[in-house]
Amino acid sequence: MSTMSFERKAQDALEIQWRSQKELEELVKQDRPMKVLIMGMPRSGTMSLVAALRQLGYTPYDFIDRLVLGHMPLWTQALRAKFLGQGKPWGKTELDRVVRGFDCVLDVPCPFFTEEFLAAYPESVVILNKRDPEPWLASMNSTLFHVFRWSSWPLIAKLDPSFAGVWYTHCMLTWDIFCNNDYGEKCKQKYREHYDYVRRVTLKERLLEYEVKEGWEPLCRFLGKEVPEGDFPNVNDKENFVKGHGMLWAYAVFKAVTNVAIGAASVGVGVAAWWFYRTRWATE
């Protein structure tokens, strides 16, 4: 199965359309002022917000964009610098390098850098998308954390370092920093602390606390946009989330098996060449 086939099936399952690498490479050549910082946690309506903001004319920088553009190792470095003291902490120069071409950012690990984003882009506003901690944790455990528990990831990450390895390393570090990969009460407490952190560092007049069930009106009023026709987007439910990540897992397995096959073929060629070399010299 081709890469494009895997991508299309994953997009259909996730009910979103992400940009191709070629489209993103053209997009990042453009200059757009940063306008909106969505600093809430995943599974708090983030994908519905992506769809809504695109409908309102924004260009969001989402988790999948970071994966396609090859930015995940950079964000892994940023996490290690800020939280582990390994390397130079990020400022405007580093943020400009990854968000150029976009006017809106969201999803982890961006919310962990709220202060850095506010300092770098003082004209931007903050949307703190939220939901109650109990259903949020339940949703995480039935989607993202459920995917993390698939036991094959460590092996696939080793066999496919360029895709699965990058994704898995980044995700494990992100959630280790957030909650020590404890997906129970500690995670729920850290969720509350994160929202308190964003409220603490953001001026009230620049902040909208928002739940996607509120629909278009409060969002458009805050952004100074006209309310569009039609219902507010509702995408990326639990079943589609897991199905979509299942397709990404299948793509990673495909790449891992391909890497193993190429490696085995290379070893086979090497052994054949050695045998031919030894046989030739042995008969001369």
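**Helix packing in a predicted model**

So, contacts to begin with: among those in the protein with a separation of 6 or more, 79% are between residues 24 or more positions apart, a contact being heavy atoms within 4.5 Å. Bear in mind that this is a predicted model, where local features need pLDDT of at least 70 and side-chain atom pairs count only at pLDDT 80 or more, while totals for chains, interfaces and linings use all residues. Residues are numbered from 1 along each chain as its sequence is written, and side-chain values use heavy atoms, with hydrogens and water left out.

Overall, we've got 14 helices and five strands; these are DSSP runs, helices being H or I with at least four residues and strands E with at least two, numbered from the N terminus. Of the 284 residues, 49% count as buried, meaning under 20% relative accessible area with a 1.4 Å probe, protein chains only.

On to the pairs. Two packed helices are described by the angle between their axes and the distance between the axes. The axes here are lines fitted to C-alpha atoms over the stretch in contact, and angles run from 0 to 180 degrees between N-to-C directions.

Take α5, residues 72–84, and α11, residues 161–179: their axes are 10 Å apart, at an angle of about 25°. Therefore α5 and α11 are roughly parallel, the term for angles under 35 degrees. On the α5 side, the contact includes Met72, Trp75 and Phe83, and α11 brings, among others, Trp167, His170 and Ile177. By class, that's 10 nonpolar, four polar and one charged. For the classes, Ala, Val, Leu, Ile, Met, Phe, Trp, Tyr, Cys and Pro are nonpolar, Asp, Glu, Lys and Arg are charged, and the others, Gly among them, are polar.

While we're on α5, have a look at Ala81, which lies in that helix. Is Ala81 buried or exposed? Ala81 counts as buried because its relative accessibility is 5%. Leaving aside neighbours within four places in sequence, Ala81 touches Gln86, Gly87, Lys88 and Pro89.

The other pair is α3, residues 46–55, with α13, residues 216–223: the axes come within 12 Å and cross at roughly 55°. Leu49, Ala52, Leu53 and Gln55 of α3 meet Trp216, Leu219 and Leu223 of α13. This contact has six nonpolar residues, one polar and no charged ones.

Definitions and conventions
Angles under 35 degrees count as roughly parallel, over 145 as roughly antiparallel, 65 to 115 as roughly perpendicular and the rest as oblique. Buried means under 20% relative accessible area, exposed over 50%, partly exposed in between (1.4 Å probe, protein chains only).
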